[in-house]
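Hello,

Here is the structure I promised to pass on to you. Please open it first, and then read on for what turned up.

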Amino acid sequence: MNHSKRHSDILRLLQQDGTVSIADLARELDVSLETVRRDIKPLTTSGAVVKMHGAVALASSVGEAPFEKRMRENSDAKKAIAMAVAATIRDGDSIMLDTGTTTSYLARELLGHRQLTVVTNSSDIARTLSTVNGNRVYMAGGELRSDNGAAFGVSAIEFISHFTVGHAVITTGAIDAGIGIMDYDLEEAEFARAVVSRGRRAIVVTDHSKFGRQGLVRVCAFDALTDLFTEKAPPRDISTALKAAGVNVTLAG
């Protein structure tokens, strides 16, 4: 692969995934770390790319809200997962969604549905699905976080405890074979745990990058779930644990 071709591929990967580590670029391009560093130097000099803590990002993305950056990361996988979940939801169904980029993509896929009852703590999801197609949307209250426009805490959990829905859908920050579903934020983990308990179906949506990670807080064990939607097969240890817990794994795309 020549020098200019790698420049194009680096920019394409950054457009697709947002911030990308130097190590991931080297792996994707099948070159050494030193080659990647040489390749990004003219891109940083020209101002097209910004280097930060062992990673690079498009200069145009620096200053974006964190949630908007995450929406662009692995976006193709998240869209495919959202489409797969939406195909299992019918007009008139009830659904509870926690805040997350994949659930936000799911909300957009549900714009073709009618007469949904939606419960969420996400202002993005509420805004997407309210006032269209006869939907009823209930949003948990409380102070909205500046990074993702979502409500957390005791009042949000108490609010959703009044509902029982057909489909309870959560995102996750990490999935460990021995521990289960995990997250890095206590309030987000507590809210997700509450969501899982309110659905006849309890669904986790996640791209493959979360497999094998350990978060800070446990959300739930695998046996609290009915379904997991992802775009690539989980590693063997996680697949074995999911199967033992009776979780149906759906591969999107």
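How many of the nine residues of H6 are buried? Seven are, so H6 is largely enclosed by the rest of the structure. Here "buried" means under 20% relative accessible area, with exposed over 50% and partly exposed in between (1.4 Å probe, protein chains only). Helices (H or I, at least four residues) and strands (E, at least two) are DSSP runs, numbered from the N terminus.

Before going further, a word on the source: this is a predicted model, where local features need pLDDT of at least 70 and side-chain atom pairs count only at pLDDT 80 or more, while totals for chains, interfaces and linings use all residues. Residues are numbered from 1 along each chain as its sequence is written, and side-chain values use heavy atoms, with hydrogens and water left out.

Back to H6. Its buried residues are Thr101, Thr102, Thr103, Ser104, Tyr105, Leu106 and Ala107. Thr103 counts as buried because its relative accessibility is 0%. Leaving aside neighbours within four places in sequence, Thr103 is in contact (heavy atoms within 4.5 Å) with Leu97, Asp98, Ile125, Val169, Thr171 and Val205.

Next, the nonpolar cores, meaning sets of buried Ala, Val, Leu, Ile, Met, Phe, Trp, Tyr and Cys residues joined through side-chain atoms within 4.5 Å. The largest has 31 residues, and Ile160, Ile170, Ile181, Phe222 and Leu225 have the most contacts inside it. Among the elements that each supply at least two residues of this core are helix H8 (154–160), strand S7 (165–170) and helix H9 (186–196). H9 gives the most, with six residues. A second, separate core of 21 residues includes Ala84, Val85, Ile89 and Leu97.

Finally, the lining of the largest pocket has 10 nonpolar, 16 polar and 18 charged residues. For these classes, Ala, Val, Leu, Ile, Met, Phe, Trp, Tyr, Cys and Pro count as nonpolar, Asp, Glu, Lys and Arg as charged, and the others, Gly among them, as polar.

Best wishes
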